[in-house]
Amino acid sequence: MERIIIHSDLNNFYASVERLLDPSLAGKPVAVCGDREARHGVVLAKSEEAKKFGVRTGDTVWQAQRKCRDIVIVPPHFEEYIEYSKKVRAVYARYTDLIESYGIDECWLDITRSTLLFPEYDGEKYLTENGTKYYSEGFLLHLGDVIRNAVKDELGVTVSCGVSFNKVFAKLGSDIKKPDGTTVISKARFRDIIYGLPVEDLLFVGGATKEKLKQMGLNTIGKLAAADDKLITDTFGKFGRTLLKNARGEDIDPVKHMDEKREMKSIGNSCTYPKDVTDMRGIKRLLYVLAESVAARLRESGQGFADTVHLWVRDSALNNFSFQKKVRHTALCGEIAEHAFSLFTANFRQPFSVRSLGVTVSGFDNGQSQLTFDEASGNYNKRYAVEKCVDQIRKKHGYAKLQRGIVAEDKDEMCNDIKSTHLIKPAKIDYPED
């Protein structure tokens with residue numbers, strides 16, 4: 001049976017919720033920004049009106065105000081966003097229990113076996129081409145519109161839907177008509193619809209992968225789909241097979257049940273800074289801030305220790321760089337931060353100008369690793385216990401009450417609790433660097 005997968009993407013989600021909380025914001029250019037007093041006043045989300053003035057996520061407050069003189073700056077209300085996200089999923093659950101989250105504002109729905117729960121469609125449900133029976137585009141459009149309109153009518157937020165026969169193309173479709181639109185990428189016509197699109201529109205094609213593909217002359221999804229298998233796998237390894245499968249419409253990854261937890265493959269955080277960072281000490285301090293959140297998340301996750309540290313850097317020209325290294329299994333902030341800093345120092349020399357940083361860990365052991373005698377004698381267990389105690393103290397008394405010396409050098413960074421104020425969503429994944 002041909003699958004029917006919907007990818008739903010809530011439009012300008014944070015800004016939309018802020019308008020529900022304060023109806024006077026309706027029709028105005030709005031930007032949801034971090035705390036300007038804590039030096040993290042960057043745009044987290046913006047309304048359609050603000051987008052028209054060129055306001056972008058990651059802009060500083062002053063940049064947003066320079067682009068749009070009348071923009072309204074509001075602080076984030078993360079608990080409200082989470083609550084509305086749950087309400088949206090409750091709407092989806094009326095139609096299917098196969099609901100897989102892709103961040104706070106995106107979901108995949110598999111409605112293949114639940115189309116009878118939708119209002120009756122009075123057009124042709126199927127079409128036949130070359131002896132093969134397919135769902136008609138009109139029927140698939142109807143299903144996406146039902147979901148989209150239910151969310152808008154009941155909760156007051158809009159959603160863009162992509163409807164297709166696999167998760168990759170459904171995700172791609174939801175990005176095409178924004179805001180508040182439904183795009184169908186049917187099994188009968190997917191080549192006509194997407195093969196001319198830029199290769200970076202494909203799920204999992206991040207910055208480094210895009211550049212590598214473009215150097216090979218593969219700048220569209222269609223060119224990637226037609227590429228020689230050996231060329232792609234020689235260049236990208238196992239990831240190359242995933243790229244080809246996704247471009248050719250061969251993705252068969254199932255949509256998980258709403259009660260099934262998504263397998264956690266990595267834990268990370270990133271931050272964009274209002275002022276470019278130009279000194280090594282500043283870089284090291286900010287990496288410690290990020291590593292604090294990553295290590296705390298790792299300890300909470302129950303995934304055990306990690307054996308790979310990843311560093312992501314965006315410079316002032318918006319160029320992206322990513323690096324990684326294998327390390328001994330760890331869940332310590334200090335070790336994660338020092339590994340990330342060593343990656344930075346190995347790849348950057350002054351002068352540099354850094355706009356954003358990200359730290360991620362992967363390669364979880366699920367509690368199966370055993371410390372060597374040398375590691376145990378290095379007081380690893382004692383340091384781990386101390387960091388667990390720090391977690392509890394911060395939970396009870398506040399993040400800034402207990403800080404490392406390097407972080408305390410900057411009073412603003414002492415309050416930068418990235419773990420609590422950054423809601424994580426999956427991002428495009430680059431192929432591993434050698």
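Trainee: Which residue in β3 does V32 stand opposite?

Mentor: This is a predicted model. In general, strands of a sheet pair through backbone hydrogen bonds, either parallel or antiparallel. Here V32 stands opposite A45 in β3. The pairing of β2 (residues 30–33) with β3 is antiparallel and runs over three bridges.

Trainee: In what order do the three strands of the open sheet lie?

Mentor: The order is β3-β2-β4, and the pairing in this open sheet is mixed.

Trainee: Why is one side of β3 and of β4 left without a neighbour in the sheet?

Mentor: Both β3 (43–46) and β4 (72–74) stand at the edges, and each has a single partner strand, so one side of each lacks a neighbour in the sheet. On average, neighbouring strands of this sheet are turned by 30° against each other, with direction ignored.

Trainee: Now the helices. At roughly what angle do the axes of α4 and α5 cross?

Mentor: The axes of α4 (residues 78–92) and α5 (residues 137–155) cross at roughly 135° and come within 10 Å. An angle over 145 degrees would count as roughly antiparallel, and 65 to 115 as roughly perpendicular; α4 and α5 are therefore oblique to each other. Their crossing is right-handed.

Trainee: Which residues in α4 and α5 meet?

Mentor: From α4, Y84, K87, V88, V91 and Y92 take part; they meet I147, A150, V151, E154 and L155 in α5. Sorted by class, this contact has eight nonpolar residues, two charged ones and no polar ones.

Terms used. Residues numbered from 1 in each chain as written. Predicted model: local features only at pLDDT ≥ 70, side-chain atom pairs only at ≥ 80, totals over all residues. Heavy atoms only, no water. Pairing = 2+ DSSP bridges. Helix = DSSP H or I, 4+ residues; strand = E, 2+ residues; numbered from the N terminus. Axes fitted to C-alpha atoms, helices over the stretch in contact; angles between N-to-C directions. Parallel < 35°, antiparallel > 145°, perpendicular 65-115°, else oblique. Left-handed = near helix turned anticlockwise from the far one by under 90°. Contact = heavy atoms within 4.5 Å. Nonpolar A, V, L, I, M, F, W, Y, C, P; charged D, E, K, R; others polar.
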